[in-house]
Amino acid sequence: MQDVSIVMCGAAGQGIQTVEQLLVGIFKDAGYNVFATKEYESRVRGGSNSTELRVAKERRAALVDRMDIFIPFDQAAVSHEVHRISGDTLVIADKDSFPADGPADLPSPAVLLPFKEKALEVGNRLYTNVVAAGAVTGLFGVDPEIGEAIIRRKFSAKGEDLVRENIQALHAGNDLGSSLREKGHRFEVKCTKGVADELLLNGNQAIALGALAGGCDFISAYPMSPSTGVLEFLSQHQKDVPIVVDQAEDEIAAINKAVAAWFMGARAIVSTSGGGFDLMTEGLSMAGIMESPLVIHLAQRPGPATGLPTRTAQEDLNLAMYAGHGEFCRLVFAPGTITQAFDLTRKAFDIADRLQIPVFVLTDQDFVDSYYNIPDLDLSATPQDHFIETSEGYRRYELTEDGLSPRGVPGHGDGLVRLDSDEHDEHGHITEDLRHMRPAMVEKRLHHRRILMEEFLEPPTLQPGEAKNYVICWGSNHNVVKEAVELLDNKDLAMMHFHQVHPLHADVRELLSAAERTVLIENNATGQFADVLKLQADHHVPEADRHLRYSGRPWSVEEVVSVLRKEGF
Amino acid sequence: MSDQKIYDMPHAKAWCPGCGNYGIHRSLKEVLADLDIPPQRLVMVSGIGQAAKLPQYTKAHMFNGLHGRSLPAAMAIKACNPGMTVIVTSGDGCTYGEGGNHFLAQIQRNPDITNIVHNNMVYGLTKGQASPTSLKGMRTKVQTLGVMNEPFNPLAVAIAMGATFVARVYQGDREQTKEVFKAAIEHRGYALVDVFQECVAMNKVNTSQWYKDNTYRLEGHDPTDRTEAFRRASEEGRYPTGIFYREEGRPTFEDTLPLYHESKEPLYTRSMDVDRVRKLLDSVRSV
Ligand SMILES: Cc1ncc(C[n+]2csc(CCOP(=O)(O)OP(=O)(O)O)c2C)c(N)n1
């Protein structure tokens, strides 16, 4: 087997996420391609949270239903994942956390190991999950030294005792796993040269790093799952790469601060989720009339209102496209891979700055919380500031041929930079000149859209290439659809993935009109992207060919395969 | 000392004859000239309302943002370029009503900005509804039975929140207004000046005469005594004017930012340091 899926499940507070991190780190440093994704409840204790790890020879970066190894930390975990347990699943459980005959409701009995006992021997039952992690590494025959190095790095600040005990727990677990391996539970996955030196990051980190690569030096945000990781990462590294970090008093403040920061020549990002973004819409509209650049990371979760705080959805495309009163132009990116998240966020800063418009990076919980290894990220495009040194008489809203007025920054040059949320004249002075100035300013603001359409749009990705039939998806569904299409290996079928969802590239219309059939997969109940295709590319995906998911769960590879099979591919 | 004319703009003003905004504007320009602050080093920030139009008529950089949102903008502006003088002028409705949360939160941060609130105890631009500072009983087209809410006391709130400079003036007392504006601008940290101001068109209760009769200058007050400041700020009926509280030396928001510990340069002069980003990238080669 060259692609092993490992699932651990337990209550919030049982440390599943610590183990996930440790295991992903170990496998990756050992040279395996890894992927990890978690699903969790909106609570700090209790419930059932799970994490799935894929350890594979090839790069795999999507959820699978299949479980090759399953480690439930309590009986509730078994019930939580029971539909995924098959006769081939190796279930490993702690012998003291279940009745003598192990977890109930399994097709075949679990292998019981003394995780807790070993943890207590080391000194604390809190090490139980580290012992379990060690057991998993043992099943693969991974050298425990690799884990030791990680533990040293992660815990050295917390004292030598903690480091030593964690290492002992890992070793104890590794021994348990190795002896299972000797009994025939062997997992052989080929390592890949170079993987150990690759990057390992999740969607939020990719956004944060992409922002820094784009010259971001200001973040103002209010915590909201699943977007908070960006704020946390930038804050944690504010001394490594200088940046103003402000946990705003609310999202309204956050966006107003960000627009004001751009005014001063900074490069600002806000990071939020649906409800928080709702509060930002007036600020977005202000960016529109002020012709201010702005980068917005909008990490979706199911709504309306508080909805499902820790689950996933693609329900806020319409929101991103239409939020804010009045008419102005914007661009919406929806990265499908970690690399795209980095590249597009970096690019978002450049385009926002050049075109003086808001640019969205639209992600979701599934995307920002999943992580995997990638070879590297491209830092060769260093950001350039698109503002000028002003001189006396400078007019911020000078009417020009292409609608773009050179952007000045207070303090840089002798000119005065005057931004107004009122309708204004070329100087930024409030005006009610309805005959000339108002129409001129409206046209100027929409002119940006023409430049955007002509110079900055990107076509969708076709994978494996042009075909007769397409399965259309956008944003975070890239990896799962790509893997499903590869599995089906049907030469007439390709994925068409959109990482730029608004406005659409001019070629899309032609591409779609040449297609024989299209089916669509997205994570909302109303087919928001199907509507975009209709509106912007005059392409109709029939109701029956829209596969809409709105449960809050991401798609698995098997589910997409099954959908496509039913479609006849 | 420069000529206050350097701050003049050519446009006609949208204020009523006799409006207190004229006096505030004149006092402010005189103080700016006095302090020799060139328009190129000055950022005027406001929200929306009649008071919030003051930056439109003042030659300086301008960020005339949204109703209620002047303070977050001002805080960010200062954070991006601490070398600038940042002055916020907006109404009582804008600052204390729509922007109430920002008022509290910016006080907590202590950015080095001056917050001049034109307090006419009414919503002027929207034609006379009650504002948070309207006194009880005032009848308006909306408060037809008279204002029921307890009036908002900005000074007491600011002192309680730990503001480092808290003052009130009546704009008609030009001498004190200028003195306090000057001290507020010179103060390093967040400075609140609540300016009593008549709204000749929309507030028939709090007229010029009313302000003259119901204010008096704070005298013999020690502005470093916070408890006393709070007590004086809580006085009702006749309102003291002057500097209630002042604390020097508290770090400003900008002071707390690590990026200014390395260099004092404003953000617009800096460029992204590829090596530092690469180093950070390298740190995510493992968990
Ligand atoms: C979000 C929003 N809500 C309401 C308004 C309408 N509005 C404009 S100014 C104003 C109140 C003005 O009162 P104040 O801030 O005291 O200033 P004044 O006009 O009295 O100087 C209101 C409610 C608005 N512009 N934006």
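**Reading salt bridges**

Modeller: In this predicted model, D3(A), R54(A), R60(A), R66(A), D68(A), K482(A), E483(A) and E486(A) are linked in a network of salt bridges.

Colleague: What can side chains of opposite charge do when their charged atoms come close?

Modeller: Such side chains can pair.

Colleague: How many residues apart are E486(A) and K482(A) in helix α15 of chain A?

Modeller: They are four residues apart, which is about one turn of the helix, and their side chains form a salt bridge of 3.4 Å, N to O. E486(A) is partly exposed, with 40% relative accessibility, and K482(A) is partly exposed too, with 26%.

Colleague: Why does the pair of D376(A) and R285(B) join two chains?

Modeller: The side chains of D376(A) and R285(B) meet in a salt bridge of 3.3 Å, N to O. The pair joins two chains because D376(A) lies in the loop between β14 and β15 of chain A, while R285(B) lies in the segment after α10 of chain B.

Colleague: Is R346(A) buried or exposed?

Modeller: R346(A), which sits in helix α12 of chain A, is buried yet has no salt bridge, and the nearest side chain of opposite charge, that of D343(A), is 4.4 Å away. A salt bridge needs a distance within 4 Å. Leaving out residues up to four places away in sequence, R346(A) touches G210(A), A213(A), G214(A), D378(A) and A381(A).

Notes. Residues are numbered from 1 along each chain as its sequence is written. Chains are lettered from A and ligands numbered from 1 in the order in which they are written. This is a predicted model: local features need pLDDT of at least 70, side-chain atom pairs count only at pLDDT 80 or more; totals for chains, interfaces and linings use all residues. Side-chain values use heavy atoms; hydrogens and water are left out. Buried means under 20% relative accessible area, exposed over 50%, partly exposed in between (1.4 Å probe, protein chains only). Lys and Arg count as positive and Asp and Glu as negative; His and the chain ends are not counted. Contact means heavy atoms within 4.5 Å.
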